[in-house]
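Please examine the sequence and the three-dimensional model shown here before reading on.

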Amino acid sequence: RIERVKLLAHKSCAFVNFSSIPEATRAKNALSGRMLFDRPIKINYGKDEHGGPKNHQKVAPPFAYPPSDEKLHSIISQVATMIVKRGLDMDMFSGFVELQNQGKENPKLSFLLGGEGNEYLRWKTHCVQKNITDLYYPTPGDKRKNNLSLTPSDRKELSDILQALTGTRESIKSATNWISQHSYFIPDVVSMIDIEINSNIEYEKKLYIFYVVNDVLTYCAKFRGDAQDIDPICYAFQDKMVSILRAVYADENEERKTRISQILQLWATKGLYDQNTIDKFDSQMKSDEPIESIQDEEDDIPPWLQEQNFGY
C-alpha cells in the first residue's frame, strides 16, 4: 500500500513511501529493471532527512512464523545473527546481496529480497538484538495490520499452489509453508482460500485445500505464548471457516462427512478453537441457513488486530 508519492519530473525520478518494508521490498523486486519510456527503471531504498539509511529496527516488527522448512529456518537464523553481530543495516545488506547477484534469481537468498522467509528474518533479527525468544507471538504487542493485500504475483503464486495440490505430504507442507510465510497478509490469503475451495473444482481438490487449512492451523498454533490465546492465523480463518467447511462437507459420502466432523473435534482437543466455537462451526456446517459471524464484537477483538498503526 502506497502512502505518499513525491514526483520530481525535472529529474525523471520520484520518491515513493510504502506502509511497510515488505511491501516496499516486493515493489522494488518486481519493478527494478522494467522498461519505462524505453529506459530501465532504477530503484533504490530511500534515506531519511539526515541523509543516512533509515533504521527500521527501532520499532519491533510484528511476529512472523518461522519457515516449516528446517533448512531455510536454520539459514535465516544464521543470517539474522550475523546481521546483529556485525552491526549491519538489513536493507543495505539486502541491497548489497541483490547487487552481487546482478538481478539474477537465487532461491536460496530470496528471503533477503522480500521473498519467502523475509518476514521471519526481520522478526528473528529483532529477537537476536533484544535477546528474546522468537518462538511465541507477544499477544498484546503484535500490531499486525488486517488490511494488507497480496501483490498480484503473490496471488497468482498462491492460486497456482492451491490448484497444483496433489494430497501428498510434500504438497500440503509446501502450501503450509507458503501461507505461514505470508502471515502479514493472512486475511487476504484466507479470502483467496475461501474463493478457491468454493469454486467449480473437483471434490478431491477441495479436500486437499482443507487439509492445507488443517495443517496451517495446527502448525501456527504451536507458537502461541498462551495456549488459551487464539493466534493471528486461527483468528483470520475463523469467520470464513463455515464457508470452507461447507465446501468439503457437501459431499454425499457419509464416511467423508464423518471424517470432517472428527477433524473439527480434534481442533477442540488441540485447543485450536474453544469448544463453543467448534460447536458453532459444526452446527452451521450442517445447515443451509445463512452463515452467522463467528467472531465476537469489536470490544473482544484481540489487541494485536485492533491496533492499526505500527512501524518498523
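Predicted model: local features only at pLDDT ≥ 70, side-chain atom pairs only at ≥ 80, totals over all residues.

Residues are numbered from 1 along each chain as its sequence is written, and side-chain values rest on heavy atoms, with hydrogens and water left out.

The chain contains 13 helices and 4 strands; these are DSSP runs numbered from the N terminus, with helices being H or I of at least four residues and strands being E of at least two. Of the 312 residues in the chain, 44% are buried. Buried here means under 20% relative accessible area, exposed means over 50%, and partly exposed lies in between, with a 1.4 Å probe and protein chains only. The accessible surface of the chain amounts to about 17,200 Å², and 50% of it belongs to carbon and sulfur atoms. Such areas come from the Shrake-Rupley method with a 1.4 Å probe, and for residues only the protein chains shown count as cover. Among contacts in the chain with a separation of 6 or more, 69% are accounted for by residues 24 or more positions apart, a contact being heavy atoms within 4.5 Å.

Confidence is expressed as pLDDT, the predictor's confidence in each residue, from 0 to 100. The chain has a mean pLDDT of 78, and 78% of its residues reach 70 or more. Confidence is highest in helix H10 (residues 241-249), with a mean of 94, and lowest in helix H13 (residues 303-306), with a mean of 43. Over residues 139-145 the pLDDT is below 50, and this stretch has 26 contacts in the model beyond near neighbours in sequence. Residues 297-312 also have pLDDT under 50, and the model gives them 42 contacts beyond four places in sequence.

Side chains of opposite charge can pair when their charged atoms come close. A salt bridge is defined as a side-chain nitrogen of Lys or Arg within 4 Å of a carboxyl oxygen of Asp or Glu, and the count by this rule is 6. One of them joins the side chains of Arg155 and Asp188, at 2.9 Å from N to O. This pair links distant parts of the chain, with Arg155 in helix H5 (residues 152-163) and Asp188 in helix H7, 33 residues apart. Arg155 is partly exposed at a relative accessible area of 32%, while Asp188 counts as buried at 15%.

Another salt bridge connects Arg169 with Asp215, whose closest N and O atoms are 3.1 Å apart. Arg169 lies in helix H6 and Asp215 in helix H8 (residues 203-221), so the pair ties together parts that are 46 residues apart in sequence. Asp215 is buried, with a relative accessible area of 15%. Glu204 forms a salt bridge with Arg256, with the closest N and O atoms 2.4 Å apart. Because Glu204 lies in helix H8 and Arg256 in helix H11, this pair ties together parts that are 52 residues apart in sequence. Glu204 is partly exposed at 30% relative accessibility, and Arg256 is partly exposed at 27%.

The loop between helix H6 (169-180) and helix H7 (186-197) holds His182. His182 is buried, with a relative accessible area of 4%. Leaving aside residues up to four places away in sequence, His182 touches Arg26, Glu119, Leu150, Asp154 and Val189. A polar atom of the His182 side chain lies 2.7 Å from the backbone oxygen of Trp178. A polar contact is a pair of N or O atoms within 3.5 Å; within protein, one must be able to donate a hydrogen and the other to accept it, and residues adjacent in sequence count only if both atoms are side-chain atoms.

Helix H12 (residues 275-285) has several buried residues, including Ile278, Phe281 and Met285. The buried residues of H12 pack against helix H9 (232-238), H10 and helix H11 (254-270). At the start of H12, a side-chain oxygen of Asp274 comes within 3.2 Å of the backbone nitrogen of Asn276.

Val5 belongs to strand S1 (residues 2-8), and Val16 to strand S2 (residues 13-18). Val5 is exposed at 52% relative accessibility, whereas Val16 is partly exposed at 40%. Apart from residues up to four places away in sequence, Val5 touches Phe15 and Val16.
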